[in-house]
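Please open the structure in your viewer and keep the selection panel at hand.

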Amino acid sequence: MLEVADIHTYYGASHVLHGVSLKVGRGNTVALLGRNGMGKTTVARSIMGLTPPRSGTVRFRGKGINGLEPYQIAQMGVALVPQGRAIFPSLSVKENLTMAARSRGKAEAWTLDRVYSLFPILEARANIYGNLLSGGEQQMLSIGRALMTNPDLLLLDEPSEGLAPLVIQEISRVIEQLKGSLSTLLAEQNLPMALKLADYVYVISKGTVVYEATPQELQNNEEVKSKHLGVSA
């Protein structure tokens, strides 16, 4: 579904990603793990075309998407749930969702009712402005809005950040429920959440992928967890 091959991405003169490569298979959930500031968000932005790589290749369903505008990549079936949620604060929950609606000709398309069934709290808050929602509700709304575009690939950038444990459990439940129906790249620093959800994991440090493995292999590798993820045995 997604292949990122040797991408180098810059912010101005600052070289942030140094030859990052990763793959996400059809229907799989892949985790990109790392501490803050290691390049996870830049990988998501590079895929989405928000910060295009200067070299290397990003392929979606076998087609190179380098150089395309973010809206063109979105129209192809890629959706980003950005770090910080980025909902529209002056729009209601319902308006945030409906403005993103795009069926893309899918037989089992995501609709308002389907999103509400996934996140019942959003239906209860349907007419509430986005800036009046809790952090957890805003995160649910951000995910719901992405699903309304009916993507084939979902990019989740730090979806657990700043959330209470019970809300993280709810977000995890939803991501797990989506497995198989679409492909997901989960950029996270919450190791337990990622290990539970992912089919495969990559660890990024200082803009470079330093390790890749199955979740179980990472779980058993105390050196990588300690050195690159700050997890002590």
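Which residue in E9 is the bridge partner of Leu-32? Select Leu-32 together with Tyr-202, because Tyr-202 is that partner in E9, strands being DSSP runs (E, at least two residues) and helices DSSP runs as well (H or I, at least four residues), both numbered from the N terminus. What is on screen is a predicted model, in which local features need pLDDT of at least 70 and side-chain atom pairs count only at pLDDT 80 or more, while totals for chains, interfaces and linings use all residues. Residues are numbered from 1 along each chain as its sequence is written, and side-chain values use heavy atoms, with hydrogens and water left out.

Now centre on Val-30, which is in strand E3. Is Val-30 buried or exposed? At 3% relative accessibility Val-30 counts as buried, the term for under 20% relative accessible area, with exposed meaning over 50% and partly exposed in between (1.4 Å probe, protein chains only). Leaving aside residues up to four places away in sequence, the residues that Val-30 touches include Lys-23, Val-24, Leu-185 and Tyr-200.

**The four-stranded sheet**

Next select the open sheet of 4 strands, which has antiparallel pairing and the order E2-E1-E4-E5. Strand E2 (14-24) and E5 are the edge strands, each pairing on one side only. E4 and E5 pair in the antiparallel sense over 2 bridges, and Arg-59 stands opposite Gly-64 in E5. Helix H1 packs on the sheet, touching E1, E2 and E4, and its direction makes about 110° with that of E1.

Within strand E1 (residues 2-11), pick out Asp-6. Asp-6 has a positive phi of about 55° although it is not a glycine, and at 43% relative accessibility Asp-6 counts as partly exposed.

**Salt bridges**

How many salt bridges does a search of the whole structure find? The search finds 7, a salt bridge being a side-chain nitrogen of Lys or Arg within 4 Å of a carboxyl oxygen of Asp or Glu.

Show the side chains of Lys-40 and Glu-158, which meet in a salt bridge at 3.0 Å, N to O. Lys-40 lies in helix H1 (residues 40-48) and Glu-158 in the loop between E7 and helix H7 (165-178), so the pair ties together parts that are 118 residues apart in sequence. Both Lys-40 and Glu-158 are buried. While Glu-158 is selected, check its backbone: phi is near 55°, a positive value in a residue other than glycine.

Move on to Arg-61 and Asp-152, whose side chains meet in a salt bridge at 2.6 Å, N to O. Arg-61 lies in the loop between strand E4 (55-60) and strand E5 (63-64) and Asp-152 in the loop between H6 and E7, so this pair ties together parts that are 91 residues apart in sequence. Arg-61 is partly exposed, with a relative accessible area of 41%, whereas Asp-152 is buried, with 14%.

Then select Arg-173 and Glu-170, whose side chains also meet in a salt bridge (2.6 Å, N to O). Both lie in helix H7, 3 residues apart, about one turn of the helix.

**A surface patch**

Finish with Tyr-129, which is in the loop between helix H5 (120-124) and helix H6 (135-147) and counts as partly exposed at 45% relative accessibility. Ile-128, Tyr-129 and Leu-132 form a nonpolar patch on the surface, with about 300 Å² of accessible area together. Patches are made of residues with over 30% relative accessible area and no salt bridge, like charges being joined within 9 Å and nonpolar side chains (Val, Leu, Ile, Met, Phe, Trp, Tyr) within 5 Å; accessible areas come from the Shrake-Rupley method with a 1.4 Å probe, and for residues only the protein chains shown count as cover.

Technical notes: Pairing = 2+ DSSP bridges. Contact = heavy atoms within 4.5 Å. Axes fitted to C-alpha atoms, helices over the stretch in contact; angles between N-to-C directions.
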